[in-house]
Amino acid sequence: MEICKLLVSIIAFLMHNSILSLQREVFKNIKFALLYVFPAALYCLYNNLQFVNLANFDPTTYHILLQSRIVVTGFIYQIFFAVNLNIKQWISLIILTLGCIIKQIDLLNIQQLSTSTSNISYAILLVLAQVTCSSIASVYIELLIKSKDKQVNIWLQNIFMYTVSIFCNLIVLCFSGSLSDIISLDSITSIFQIPVLLIIANWVGLGLITSFFLKNLNSILKTFASGLDLVFIAILSSFFFSIPITGFTVLSILVISLAFWMYSKNPVTRKETAVVAEKLNSIKNGVIDS
């Protein structure tokens, strides 16, 4: 999928610029591109931890624990952007977390938990590590995008991100000995199936939209979008697959809606995020100019 995202980003950039311009911009901003190694490595680690954690927990328990990323993102956002979320913003984040957890409770079966009691603490720590990787990478990319918004084309920044991400994944595949399996004829031909292609197209679109989301909004609103995602999934699942909307689902929708309403009254404003350019430019100048 990263290759598809890279190709789409290159095509989008070339729609308004020449190949020569692309080459010139890449070499001009090569040191800035290196700053994307950090979030790319974090997302690579996140993807690998995802497989480990799904092996430790049943899917429902895993997704309940994963909701901790909402609050973790709030803490990371405060650190990176040097802003303090007020009490009402924190309450809205906590309510959103509860709403997302409630949605999963009616699916939860404690007996499905595949992790032994002696290893449960370690397994939960791995989930928190996964959540932290995702939160730090998301907020860090927002910093990069906004700090260079006026100087570096957003599609070029996407090209940097996905190129570095591909290299990180290749390194992991080489060390794990799985590279030959990925590039085998069977693996490649299995991609060219309509359901698989639709899934790839969906994730490619989601990844590209996220960069514009972070450019114009922020990581806090991104967590709210994830909560809204659960609401739409419940409604669409009921419509297309006749999956009943339970009392827990209704309660979850109401709680998530309350969180949205509270946050809409006290959002993180663009004035608060105006510190981005000054903060990261000082970091960037120290790293790039050295």
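Guide: Let us start with a definition: a crossing is left-handed if the near helix is turned anticlockwise from the far one by less than a right angle, and right-handed if clockwise. In this predicted model, the crossing of α7 and α14 is left-handed.

Visitor: What makes α7 and α14 roughly antiparallel to each other?

Guide: Their axes come within 8 Å and cross at roughly 165°. Angles over 145 degrees count as roughly antiparallel, and α7 and α14 are therefore roughly antiparallel to each other. The contact between the two helices involves, among others, I91, I95 and L98 of α7, together with L251, V255 and L258 of α14.

Visitor: How do you know that the span of α13 agrees with its 23 residues?

Guide: At 1.5 Å a residue, the 23 residues of α13 should span 33 Å, and because its end C-alpha atoms are 32 Å apart, the two values agree. For α7, which has 19 residues, the reach from the first C-alpha to the last is 27 Å, close to the 27 Å expected.

Visitor: Why is N86 said to cap the N-terminal end of α7?

Guide: A side-chain oxygen of N86 lies 3.1 Å from the backbone nitrogen of K88, and since a polar contact is a pair of N or O atoms within 3.5 Å, this pair falls inside the limit. At the start of α13, a side-chain oxygen of N218 reaches to within 3.0 Å of the backbone nitrogen of I220.

Visitor: What covers the buried residues of α13?

Guide: The buried residues of α13 include F224, L230 and V231, and their cover includes α6, α7, α8, α12 and α14.

Conventions. Residues numbered from 1 in each chain as written. Predicted model: local features only at pLDDT ≥ 70, side-chain atom pairs only at ≥ 80, totals over all residues. Heavy atoms only, no water. Helix = DSSP H or I, 4+ residues; strand = E, 2+ residues; numbered from the N terminus. Expected span 1.5 Å × (residues − 1). Polar contact = N/O pair within 3.5 Å; in protein donor to acceptor, adjacent residues only side chain to side chain. Axes fitted to C-alpha atoms, helices over the stretch in contact; angles between N-to-C directions. Parallel < 35°, antiparallel > 145°, perpendicular 65-115°, else oblique. Contact = heavy atoms within 4.5 Å. Buried < 20%, exposed > 50% of the residue type's maximum accessible area, 1.4 Å probe, protein only.
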